[in-house]
Amino acid sequence: MALKPFKAPGARLALRAKPASPSFAASDGKAEVILDLSRLLSRSFHSAPTGIDRVEFVYARELLQRIPDRLAFAAVHPAGGYYGRLNGAAVRQFLAFTAARWRNAERPDEKTGRAAIIRHLIALRPRPVPRARGPRVYLQVSPHHLDDADQVGAILRAEGARFVTLVHDVIPLTHPEFARPQGADEHRRRVRTIDRYAHGIIGNSQATIDALGPHMSRGLDGRTICVAHFGADPPDMPAAEGFQMPSRPYFVYISTIEPRKNHLLLLNIWRRLVERLGDDAPVLVLIGRRGWENENVVDHLERGEILRGHVIEAGELSDNEMQQLVAHARAMVMPSFEEGFGMPVVEALAAGVPVICSDIVAHREVGGDAPDYLDPLDGLGWMAMIDAYRRPDSPERAAQLQRIAAWRAPTWGGYFDIVMKLLDDVTASAFT
């Protein structure tokens, strides 16, 4: 889960982007870029996006603005797994529709919404791949179908394209205890596909690239590699109407509820705070859906009477609601054991909101000197920091606000400058 990583309303996509040429022919050494949208299509019926969903959306938005004349779209379609090209106009309409759903300002009728989604998916039925008239790069920025190497190989042969992929993390291999029961095996197949086919690899952090290398039989040598931190451009969203903010000082945690995210630490801390402070205890707002293997956390949330009114499980919220909650929080807390990037850290800091997070490599890489860092096992340290931040005259919080003023957020513009260079380098390497 993360804050909203795009600032332009989705409806502008159809106005600002020109249709991509149906028969691209290179004239300047630039490649046609085919962006895989399989993840977004597979998540069509989910009203709230994950971080990976948002990243794939931003890729579509930014590439439409930067290279509309040499951009095409493709997908493994959820209606049956058929691979092929997607109609460009239908893609732009789908993206605008998706952005509006994520904003979710009016919460449309569920039945009407499902019918609209089905209409978009029908319009996005894949078409045959046109014959290449120049170099091509197939760009995939989600792990969708990477566990099927044969399918990826067939796609690349059909396109006659070089393969570039974005790696979000390698956590199921480095920390299999935090993955789903078959997560490590599935991720191992994804890495093998990347190892076999990828000419270019985009890492969301140096921590991710460093973790990936040992799991690649061919290593990283001979490939084009770049590290680009996801952008955190300031949101451009209206205030959420009718959303009830907590009346007491509160903290937020944006994350799927799963063991790696360390929710249990926070719930035990809040129990102690309530025992000591009673109604003066701060509120903890948990934003995100329930994931897997979280029985202990769910027991606290459902049967922990002492936490009622002090811990709010908000679930999946609209972007408007989530941004309003974060903007007025005493701090974003993020005690996770391991991350590939830590997008909530970056976006909270970009919004001027203090962050208290676990002292792990990925958080240090993107947060720099701004956040307050604590070991994810240091329960007493976390409790003392939260207790300090809840106070209106907190010197600790004031000190971090000063550090945030000197911190510089990564931007999507800078991110895609790096990505475009990698795509050009992958194209150039085909002729050397």
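**Reading a predicted fold, feature by feature**

Modeller: Start with H145. It is buried, with a relative accessible area of 8%. Buried means under 20%, exposed over 50%, and partly exposed in between (1.4 Å probe, protein chains only). The model is predicted: local features need pLDDT of at least 70, side-chain atom pairs count only at pLDDT 80 or more, and totals for chains, interfaces and linings use all residues. Residues are numbered from 1 along each chain as its sequence is written, and side-chain values use heavy atoms, without hydrogens or water.

Biologist: Where does H145 sit, and what is its phi?

Modeller: H145 is in the loop between β4 (136–140) and α6 (149–159). Helices (H or I, at least four residues) and strands (E, at least two) are DSSP runs, numbered from the N terminus. The phi of H145 is positive, about 60°, although H145 is not a glycine. N262 is another non-glycine with a positive phi, near 65°. N262 lies in the loop between β8 (250–254) and α10 (263–277). N262 counts as buried, at 8% relative accessibility.

Biologist: What does E258 touch?

Modeller: Contact means heavy atoms within 4.5 Å. Setting aside neighbours within four places in sequence, E258 contacts F178, H263 and W292. E258 is in the loop between β8 and α10, and it is buried at a relative accessible area of 8%.

Biologist: How many residues does helix α4 have, and what span should they give?

Modeller: The expected span is 1.5 Å times one less than the number of residues. Helix α4 (residues 88–103) has 16 residues and should span 22 Å; its end C-alpha atoms are 23 Å apart, which agrees. N87 caps the N-terminal end of α4, with a side-chain oxygen 3.1 Å from the backbone nitrogen of A89.

Biologist: Is α4 mostly covered or mostly open?

Modeller: Mostly covered: 12 of its 16 residues are buried. Among them are F94, L95, F97 and W102, and also R92, R101 and R103.

Biologist: How should I read buried positions along a helix?

Modeller: An α-helix has 3.6 residues a turn, so residues three or four places apart point the same way. Take α8 (residues 183–197). Its 15 residues should span 21 Å, and its end C-alpha atoms are 21 Å apart, which agrees. The buried residues of α8 include G183, H187, R190, I194 and Y197. The buried residues of α8 pack against α6, β5 (162–167), α7 (171–174), β6 (198–203) and α9 (206–212).

Biologist: Which residues have the most contacts inside the largest nonpolar core?

Modeller: In soluble globular proteins, nonpolar side chains tend to be buried together. A nonpolar core is a set of buried Ala, Val, Leu, Ile, Met, Phe, Trp, Tyr and Cys residues joined through side-chain atoms within 4.5 Å. The largest one here has 101 residues, and Y59, L63, I202, W270 and Y415 have the most contacts inside it. Domain 1 (30–231 + 412–429) and domain 2 (250–406) both give residues to this core, so it lies between them. The domain bounds come from an automatic or database assignment. A second, separate core has 24 residues, including Y83, A149, I194 and A198.

Biologist: What does Y415 contact beyond its neighbours within four places in sequence?

Modeller: Y59, L166, I202, A228, H229 and F230.

Biologist: What are the totals for the protein?

Modeller: There are 17 helices and 13 strands. Of the 432 residues, 57% count as buried. Of the contacts with a separation of 6 or more, 78% join residues 24 or more positions apart.

Key
A polar contact is a pair of N or O atoms within 3.5 Å; within protein, one must be able to donate a hydrogen and the other to accept it, and residues adjacent in sequence count only if both atoms are side-chain atoms.
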